[in-house]
Amino acid sequence: MPSNPLSQLSLEVIVTTAAFERLREAWDTVLTQSAHKEPMQSHLWLSAWWRYFGDGRSLAVGLLREGTRLVGIAPCCTRDFRYPGGLGFRRLELMGAAEGESDSITSEYLGLIAAQGYDQAVASAFADGVA
């Protein structure tokens, strides 16, 4: 439970594979503290997904902390996208999302990972961080 439900969480964004791999233990700790302990949100699952489907994407994993304690993870990546004959842009996606527009290979239970009692604070801090 947040020590102060109105406290601000800090957001750090991980962009390298090496930094992502070093998160394994801390990631799984937060997942076990979560109300939603889905295997497809585990570091093992998403790191395997990243190895196979990460080409053409860049890591953008958000780490949300209360002080020094990791309380939330936003398992995200970015990729360039262009509408046919139109505007190109970089979009933020959840890791495990559809591999390609036509393939629609996707994991179940995508979303933010938050320690029990931090769901709202993590969602708010993430939304503020990407706004």
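Q: How many aromatic pairs does the count come to in this predicted model?
A: The structure is a predicted model. Rings of Phe, Tyr and Trp pair if their centres lie within 6.5 Å. By this rule, the number of aromatic pairs is six.

Q: Are the rings of Trp49 and Phe53 stacked, edge-to-face or tilted?
A: The centres of the two rings, Trp49 and Phe53, are 6.0 Å apart, and their planes stand at 45 degrees. Planes under 30 degrees apart count as stacked and those over 60 as edge-to-face, with the rest as tilted. At 45 degrees, therefore, the pair of Trp49 and Phe53 is tilted.

Q: In which helix do Trp49 and Phe53 both lie?
A: Trp49 and Phe53 are four residues apart, about one turn of the helix. The helix that holds both spans residues 43–53 and is H3.

Q: Does Trp49 count as buried or exposed?
A: Buried means under 20% relative accessible area. Trp49 has a relative accessibility of 6%, so the residue counts as buried.

Q: What is the relative accessible area of Phe53?
A: A residue is partly exposed when its value lies between the limit for buried, under 20%, and that for exposed, over 50%. Phe53 is partly exposed, and its relative accessible area is 23%.

Q: What is the angle between the planes of Tyr83 and Phe89?
A: Tyr83 and Phe89 form an aromatic pair, with 5.7 Å centre to centre. This pair is tilted, and the angle between its planes is 40 degrees.

Q: Which residue lies over the face of Phe81?
A: A charge sits over a ring when, among other conditions, CZ of Arg is within 6 Å of the ring centre. The residue over the face of Phe81 is at 4.3 Å from the ring centre, and it is Arg91.

Q: Which strands does E3 join through bridges?
A: Five bridges join E3 to strand E1 (residues 10–14), and the two run antiparallel. Within this pairing, Leu11 stands opposite Leu64 in E3. Five bridges also join E3 to strand E4 (residues 69–74), again antiparallel.

Q: Which residue in the turn between E3 and E4 has a positive phi?
A: E3 and E4 form a hairpin with two residues between them. Glu66 stands opposite Arg69 in E4. The turn residue with a positive phi, of about 65 degrees, is Gly67.

Q: How many residues of strand E3 are buried?
A: Strand E3 covers residues 61–66 and is mostly covered. Of its six residues, the number buried is five.

Definitions and conventions: Residues numbered from 1 in each chain as written. Predicted model: local features only at pLDDT ≥ 70, side-chain atom pairs only at ≥ 80, totals over all residues. Heavy atoms only, no water. Buried < 20%, exposed > 50% of the residue type's maximum accessible area, 1.4 Å probe, protein only. Pairing = 2+ DSSP bridges. Lys NZ or Arg CZ within 6 Å of the ring centre and 35° of its normal.
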